[in-house]
Every structure is written in C-alpha cells, then in structure tokens.
Amino acid sequence: MKKRKKNNFLLTDNQMAEFVSKGYLIFENIIDNKTNKKFLSEIGNTSTSLNKKNADQTWLAEHYNEIMKSSKIPLVKAGTPLKKAYKKNSALNDVINNPVLSGAIKSLVGDRPKLDHHFLHITFPSKYYHDANQKISQGNHNDCVIDPREKTFDIQLFYFPTAVEKNMGGTRYIPGSHFRMVNELAIARYHNIRGQKHVVCPAGTVIIFHHNIWHGAGINNSKKIRYGFKIRLMPTQKQVKLWTKKTYKNNHDEEALYWNKGIEKNSIKEILQKTEPWFEADSGRLDILNRIRLWRHITNDKNFDAAYWLTRIENDYN
Amino acid sequence: MKKQDILILYLSNSSLESKVIGWARHYGDKKKIGMAGDNDSPPYERGIEAIHDGWRLFQSSQLEQHSKGDEYRTGYLKYEFFFEKIK
Ligand SMILES: [Fe+2]
C-alpha cells in the first residue's frame, strides 16, 4: 500500500460510487493476524458449554450468556460515541482504528458516529446441533424494520477474525439490494436470488454493508466455528461530502442512453448504471434512479445525472 | 399418498416468458428441505421453461399501480409465480 498522509485514507470517489451502487465495500485481509488472534483470545473460550447441547436449543442462549459474561467484549450502551466504545489496546479498538477502516468509516458516516449495537455472531458447525432440522440456513432479510430514511444510512461492519472457507456458510448477501424497502424477514420466501454472493474470505477481512442490504447466514458444514463480529454505526451528521472537499459540477455533457460511444470504464456514471443480475426490467431502472439520487445527495451536486435518467423525468413545466 | 412439490419463480417482468431472477423449492417429501442459499444457479433460464418441464402454474402476482409520491420506491420482487407438481 502506498504511503499516505495521516487521515488521508478516505475512500476514493469510485469506492463511494461502488458503495452507493452495490451497498457494500470489502476490505480483504485488512486486519493483521496479531490483532485477529488477540480478538479471539479476548472473546474467550467459546466451546466450553457445547457439551450441554439439547433438543430445545437452550444451550445456545446459555452459551451466549456465558460468553457475554466471560469475554472482554464490552457491553456498550446504545448511542455511545464510537470513539468511547472500546478500551485502548483492545483488539476491537485496533480494528476500528485501522487507518483504512477508520478512513472508510469517516467517509461514510462521518468522524463522530454512534454505536447502535454490536454483536458477536457465532455459527457452530451443524454437527453441534441436536437434530437434522437445525441444519437450516437463515432466511434472507435486512437488518431493520421498514426504514423510511431516504438519504441517511447506517453502516454495519462485519469483521471476520478467522478465514471463512466455502463450506463454513459465510453470510449470503444480495449486491445492490439496499434501496429495496422491505421489512426484515418478509423476504425470506426469496430463497435464492440471481447474483447472490456468499462471504468467503481470508482472516482479518472486514466488509462494510449499508444497513439495508439483504442477507442471511449460511449453514456451517465445516468442523470449525465461524465468527463474525458486527458493529452497527449511525451517523450524527448529514452524510454530504464526508470523504472529499471537491466541488462536484456536472458538465452537462451527458452521454445519451444506449446509442453512444460507450460510457467511460470505471467512471462514476458507469458504476452507478451497472445493473445487477437480479434486477427486474422495470424496478431495476428505479434502482439506478435511486443510486443517482443518493449520489446527488452525498456530493451535494443537485444536477448530477447519468444518461438523463433523472433529468428526463424532471423536465416538468407545470 | 400423492404429495405436492412447490416451485416459486421470480421473473424479470410480468411475462411468463421472461428471465428467472429468483427461485425457491419446497418438497412434499419431508426428507428434503428447501432453504435460503441452497442453489446459486436458477433451475430454469425463463419462466416458461418450468411449464415445458411439467410444472403447473397455480398463482401469479397481480400488477399494481404505483402510488402517488411513491413512484421511486422499490421493495419486494414484483413478478412472482407459484408452480406445483403432484407426485
Ligand atoms: Fe442480519
């Protein structure tokens, strides 16, 4: 990685556009092994009560209770400023202060986000469960009730302290689903969606998700316990130009739809117009409109457009 | 005893001829479980292929008018088709 000035690990325009378009950013192997090990030792022994497993699954709740009591992961009150959430020298403090990650957090939710909640997800290998019926994956859902906020968004950091191999049932997620306003498990009927992805990553990977992304946990068919630590952050300020001081001005030299000389590769406009394999012919266009609207908001460039998607329907002389 | 197998398809527009974008299977045989993430590739490319393959369509979603002020809102997948096979 190139050496950059302190505090200069903010996201690039393209990364911001990627986030607006897909609803997530992946930072593979961003946390070093020393910190990963420290985190695992701080959560303590997570396999002590596994011999208590019983049919009614009470062992799972007991197990979480034990971990909450014995681990060094603090019980943080909702709304605590992120800066005050974790003790100095703790692994989680190292994670959120990783220069690239803290730059990304700052770019997305500002420099004084509040911690909504955090949680250690432990997914046990299916053999730990009492009967075969427990071998069911978690249905697709988003982590909210119907969230009517149109511009403001929370982020969820998913930190994977160990490698997630393919058979470990890493989180399944649907790229580009974050504008779809649904209510939590209401979408569980959608078992599979074209273009769905599953987290497979090296240890120390962090994925930052938009709060509304559709996702669900898979079944752990390996022999290893899968860990995922989630930190949900909410902004305390308008999410406008948090990553840049640039003045964005649309040059109004807009490429027309389809009949054009080709949209510049990896340009903001290309990223925002890239459709997902599951987009319906009609609603998928609305998803593009919604990306452009969010881009206008975060750049404070009210006239921004791509291929006239919004300008076309704003040309109202009433 | 004859049992019902269920196939749910989500298509890219309201025509049964259009592309499959989402799917779920449920089985009359209780030894088989259909669940989230059980298959990354669609069982058919287009909705009509399910009919060609002997599935009987028994329900599909209605088209609904977009409400005023809510024209940009997207949410649930719109084009849902339920099929069955009796085995
Ligand atoms: Fe979730």
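Predicted model: local features only at pLDDT ≥ 70, side-chain atom pairs only at ≥ 80, totals over all residues.
Local features need pLDDT of at least 70, side-chain atom pairs count only at pLDDT 80 or more, and totals for interfaces use all residues. Residues are numbered from 1 along each chain, chains are lettered from A, and hydrogens and water are left out of side-chain values.

Visitor: How many residues does chain B give to the contact with chain A?
Guide: Contact means heavy atoms within 4.5 Å. Chain A gives 39 residues. From chain B come 34 residues.

Visitor: What area is buried between chain B and chain A?
Guide: Buried area is the accessible area (1.4 Å probe) that two parts lose on being put together, summed over both. Carbon and sulfur atoms give 53% of this area. In chain B, the residues that lose the most are B:Tyr72, B:Thr74 and B:Tyr76, together 26% of what that side buries. The area is about 2900 Å².

Visitor: Which residue of chain A forms a salt bridge with B:Glu45?
Guide: A salt bridge is a side-chain nitrogen of Lys or Arg within 4 Å of a carboxyl oxygen of Asp or Glu. Between the two chains the count is 4. For B:Glu45, the closest N and O atoms are 3.3 Å apart, and the partner is A:Arg194.

Visitor: Which residue in β2(B) stands opposite A:Asn192?
Guide: Strands are DSSP runs (E, at least two residues), numbered from the N terminus, and two strands pair if DSSP finds at least two bridges between them. Strand β6 (residues 192-193) of chain A and β2(B) run antiparallel, joined by 2 bridges. Opposite A:Asn192 stands B:Trp23.

Technical notes: Helix = DSSP H or I, 4+ residues; strand = E, 2+ residues; numbered from the N terminus.
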